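Subject: Structure handover

Hello,

Here is the structure you asked about. My notes follow below it.

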Amino acid sequence: MMEEIKKRVKARLSPHRFAHVEGVAKTAVKLAAIHGIDEKRAELAAWLHDYYREDSRESLVHLAEEVAFVIGEQPTPLLHGPLMAARLSLDFGIDDSEVREAIAVHTIGDPAMGPVAQVLFVADLIEPGRTFASARPVRAVAERDLARAVAMTADATIEHLLSAHLPIAKETVALRNLIWKRIDETT
Ligand SMILES: [Fe+2]
Ligand SMILES: [Fe+2]
């Protein structure tokens, strides 16, 4: 099943994006194994997380209509995760709530995100192909402290959006507030 999925992902994405997804999958499996999180779910979520990342808004609107997914005013770069989550069962016959959640929230995060979603959120930033300066410190802690890596990933997302004058999702802010508070209360 995984081989079939990889083939479909490869056929849909540019070589550059496919290499990113491959890096995320490797990183997600490694992090999941280290932190005692389901590796299969982490791998599946990673392979599918950017499946619709290169679609136009028109294409996304059409894909959304088929599953009665409401797009509303959401900016295009934020649609690919929630839409893939909404189509997971139709497109791939996958009906797993943890995989679905991980894909749905991978771009903005969520304070209620579970372990598989946390692994994907971090792996998406730190996979080996990423050259952002913000990825380096997260790489250094992700294998020993996943919670701290999640908080740092949310901060890196916010910093990027601030410097690009882009809107910041309230979920990302709520996530970093919650996790840093938890970390600071226990250390
Ligand atoms: Fe993405
Ligand atoms: Fe990604």
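First, a definition: rings of Phe, Tyr and Trp (its six-membered ring) pair if their centres lie within 6.5 Å, and planes under 30 degrees apart count as stacked, over 60 as edge-to-face and the rest as tilted. By this rule there are three aromatic pairs.

Ground rules before the details. This is a predicted model, where local features need pLDDT of at least 70 and side-chain atom pairs count only at pLDDT 80 or more, while totals for chains, interfaces and linings use all residues. Residues are numbered from 1 along each chain as its sequence is written, chains are lettered from A and ligands numbered from 1 in the order in which they are written, and side-chain values use heavy atoms, with hydrogens and water left out.

**Aromatic pairs**

A pair of aromatic rings is described by the distance of the centres and the angle of the planes. For F18 and W47 the centres are 5.6 Å apart and the planes sit at 40 degrees, so this pair is tilted. F18 belongs to helix α2 and W47 to helix α3 (residues 39-48), 29 residues apart, so the pair links distant parts of the chain. Helices here are DSSP runs (H or I, at least four residues), numbered from the N terminus; strands are E runs of at least two. Both F18 and W47 are buried. Buried means under 20% relative accessible area, exposed over 50%, and partly exposed in between (1.4 Å probe, protein chains only).

Y51 and Y52 make an edge-to-face pair, because their ring centres are 5.0 Å apart and their planes are at 75 degrees. Y51 is buried at 6% relative accessible area. Y52 is buried too, at 3%. Y51, Y52 and F92 form one aromatic cluster.

R8 lies over the face of F92, at 3.9 Å from the ring centre. R12 lies over the face of Y51, at 5.1 Å from the ring centre. The test for a charge over a ring: NZ of Lys or CZ of Arg within 6 Å of the ring centre and within 35 degrees of the ring normal.

**The iron ions**

Which residues coordinate the iron ion (ligand 1)? The donors are D50 (OD), H80 (NE2) and H106 (NE2), at 2.1 to 2.2 Å. Donors are N, O and S atoms within 2.8 Å of the metal (3.2 Å for Na, K and Ca); water is not among the atoms, so sites may look incomplete. The sequence spacing for the iron ion (ligand 1) is D-x29-H-x25-H. D50 lies in the loop between α3 and α4 (57-66) and H80 in helix α5 (residues 80-92), so the pair ties together parts 30 residues apart in sequence. D50 is buried, with a relative accessible area of 4%. H80 is buried as well, at 3%.

The iron ion (ligand 2) is coordinated by H20 (NE2), H49 (NE2), D50 (OD) and D124 (OD), at 2.2 Å. Those donors follow the spacing H-x28-H-D-x73-D. Why is the arrangement irregular? The four donor atoms around the iron ion (ligand 2) subtend angles of 82 to 176 degrees. Four donors count as tetrahedral if all angles lie between 85 and 135 degrees; four count as square planar and six as octahedral if opposite donors are over 155 degrees apart and all others between 65 and 115; anything else is irregular.

The two iron ions, ligand 1 and ligand 2, lie 3.7 Å apart, bridged by D50. H20 in helix α2 (residues 15-35) and D124 in helix α7 (residues 115-126) are 104 residues apart. H20 and D124 are both buried.

Seven of the 10 residues of α3 are buried. Among them are E43, L44 and W47. The cover includes α1 (2-12), α2, α5, α6 (97-105) and α7. E43 is buried at 15% relative accessible area. Leaving aside neighbours within four places in sequence, E43 is in contact (heavy atoms within 4.5 Å) with M2 and V29.

T27 is in helix α2. T27 is buried, at 8% relative accessible area. Not counting residues up to four places away in sequence, T27 touches A123, I126, E127 and P128.

Best wishes
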